[in-house]
Amino acid sequence: MAMKRGVEGRERPRSRSSVDRQAQIWACLRDVMDPELDESVIDLNFVTRADVDAKDRVHIEFRLPTYWCAANFSFLMADDMRRSISALDWVKGVSVVLGEHMYADKINAGLAQGRSFQETFGAEADGSLDDLRQTFLVKAFQRRQVALLSHLIALGQSPAEIVSLTVTELGCLPLDDAGETLIQRYLERRAVVGPASGGEPAFVDANGARLKADGLAAYLSNLRRVGINAEFNGALCRGLLAARFDLDTPFVPKSRTMPASPDT
């Protein structure tokens, strides 16, 4: 957004309100996740523009690692960006534009007209976008859960102690900064699989059933496969994005949600 100039032609800094609103936009976008990778679209370097104009309308532009990224994934991320930004009480409108993609024209037209994925793609739409969102929210819950469980076990917590925790008790555990971050991220997704009030079990499976101490090791082993696959896909996406757009950022896979474990 261009700066205003004073009588002497020098650029005047943007107002505090403008800076604050820009910061709010980026904060909202940081909470938007790639549905498959469970990583922020900001951290993945997908967003190339996020501006607010004089009429309090927000303009977002983003790109993806390949020209042929799945249409439903692409639309889902764009829709999540639009929803997140629209929640700000001062925003008067949001435009989200996907660039350099095989379905860009169709997706951008649907977004501009406020259409759903089904309305945009008609007979080409494969299933409900809400169903897809729920599927990946559950996978994100599982990835975050296995990361936290692995951390607690590494600290010496027994399976019996872990599965007996309530949501409130989990939030009160005296952990280091890394542990606190894992708890916060996990609790952000806990309600995806069932009630998550203070007295509810902290650790449940995808169907909302409390985990059992004697089956915890096998449960973790199965879930790690989900995380390993997502880690590989995340590394691949970064590499493809860097190569496609000639980015200076080195290709270094991030691993903040899947700590190393003895059996991986």
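The model is predicted. Two packed helices are described by the angle between their axes and the distance between the axes, and that is a handy place to begin.

**Helices H5 and H8**

- Helix H5 spans residues 129–154 and helix H8 spans residues 177–190; their axes come within 9 Å and cross at roughly 150°.
- Angles over 145 degrees count as roughly antiparallel, so H5 and H8 are roughly antiparallel to each other.
- The crossing of H5 past H8 is left-handed.
- On the H5 side, the residues that meet H8 include Leu137, Phe141, Arg144 and His151.
- On the H8 side, the residues that meet H5 include Leu182, Ile183, Tyr186 and Glu188.

- An open sheet is built from 3 strands in the order E5-E6-E7, with mixed pairing.
- Strand E5 (47–52) and strand E7 (93–98) stand at the edges with a single partner strand each, so one side of each has no neighbour in the sheet.
- Neighbouring strands of the sheet are turned by 10° against each other on average, direction ignored.
- Strand E6 (residues 57–62) and E7 run parallel and are joined by 6 bridges.
- Within this part of the sheet, His59 stands opposite Ser95 in E7.

**A helix on the sheet**

- Helix H2 (residues 71–86) packs on the sheet and touches E5, E6 and E7.
- The direction of H2 makes about 160° with that of E7.

Conventions:
Residues numbered from 1 in each chain as written. Predicted model: local features only at pLDDT ≥ 70, side-chain atom pairs only at ≥ 80, totals over all residues. Heavy atoms only, no water. Axes fitted to C-alpha atoms, helices over the stretch in contact; angles between N-to-C directions. Helix = DSSP H or I, 4+ residues; strand = E, 2+ residues; numbered from the N terminus. Parallel < 35°, antiparallel > 145°, perpendicular 65-115°, else oblique. Left-handed = near helix turned anticlockwise from the far one by under 90°. Contact = heavy atoms within 4.5 Å. Pairing = 2+ DSSP bridges.
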